[in-house]
Amino acid sequence: MDMPVAEPTLYIIKAIGILDHDANRIIAKYYDEHFPTVKEQKAFEKNLYNKTHRQNAEIIMFEGLTCVYRSNVDLYFFVVGSAQENELILTSVLNAFYDSISQMLRKNVEKRTLLDNLDGVFLALDEICDGGIILETDSSAVCQRVALKSDDIPLGEQTVAQVLQSAKEQIKWSLLK
């Protein structure tokens, strides 16, 4: 039996998101109507988390979709595509998303730090994928476009919180050396 071949399309990504260790949504963007309501989206996220949080794999076929995921200290990153989608492409998007966040957060990828820098995370997500179309998979290019590093802002233009955060990080890195 011949299987029909799907037409090639630029709309590769169905969803990108980050969940915490309790399967609560931190960030989720859905790019098509596969899950039209927030209730269905959260149910999918919870089922995906329950299926993957104890697995060692990185790719799973779940509910007729190809899901690639990656876990870190207390966060679970996921990218979802159609069942016919190339897993390598989805993995490159996942790696770009994770690596750009890691660079922006100076390799301190955990829930609290992520929530403190949520605006930059959303910008990075928008630089990587727009409407389901992959725009960029190079994490350093994404970080350059987001340009959220406080080191790049002149001291006179930084807020007091940014100056204190920068000082804390410099002290932390000098103690770790």
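Two strands are said to pair if DSSP finds at least two bridges between them, and helices (H or I, at least four residues) and strands (E, at least two) are DSSP runs numbered from the N terminus. The model is predicted, so that local features need pLDDT of at least 70 and side-chain atom pairs count only at pLDDT 80 or more, while totals for chains, interfaces and linings use all residues. Residues are numbered from 1 along each chain as its sequence is written, and side-chain values use heavy atoms, with hydrogens and water left out.

**View 1. Strands S1 and S5 of the sheet.** Strand S1 (residues 13–20) pairs with strand S5 (residues 75–82) in the antiparallel sense over 7 bridges, and Ile13 stands opposite Gly81 in S5.

**View 2. The open sheet.** Its 5 strands follow the order S2-S1-S5-S4-S3, with antiparallel pairing. Strand S2 (25–30) and strand S3 (59–62) each have a single partner strand at the edges, so one side of each is left without a neighbour in the sheet.

**View 3. Helices across the sheet.** Helix H2 lies across S1, S3, strand S4 (65–72) and S5, running at about 30° to S4, whereas helix H4 (residues 118–128) lies across S1 and S2, at about 25° to S2. Axes are lines fitted to C-alpha atoms, for helices over the stretch in contact, and angles run from 0 to 180 degrees between N-to-C directions.

**View 4. Helices H2 and H5.** The axes of H2 (residues 87–104) and H5 (residues 139–146) come within 8 Å and cross at roughly 50°. Residues in contact (heavy atoms within 4.5 Å) include Ala96 and Met104 in H2, and Val142 and Cys143 in H5.
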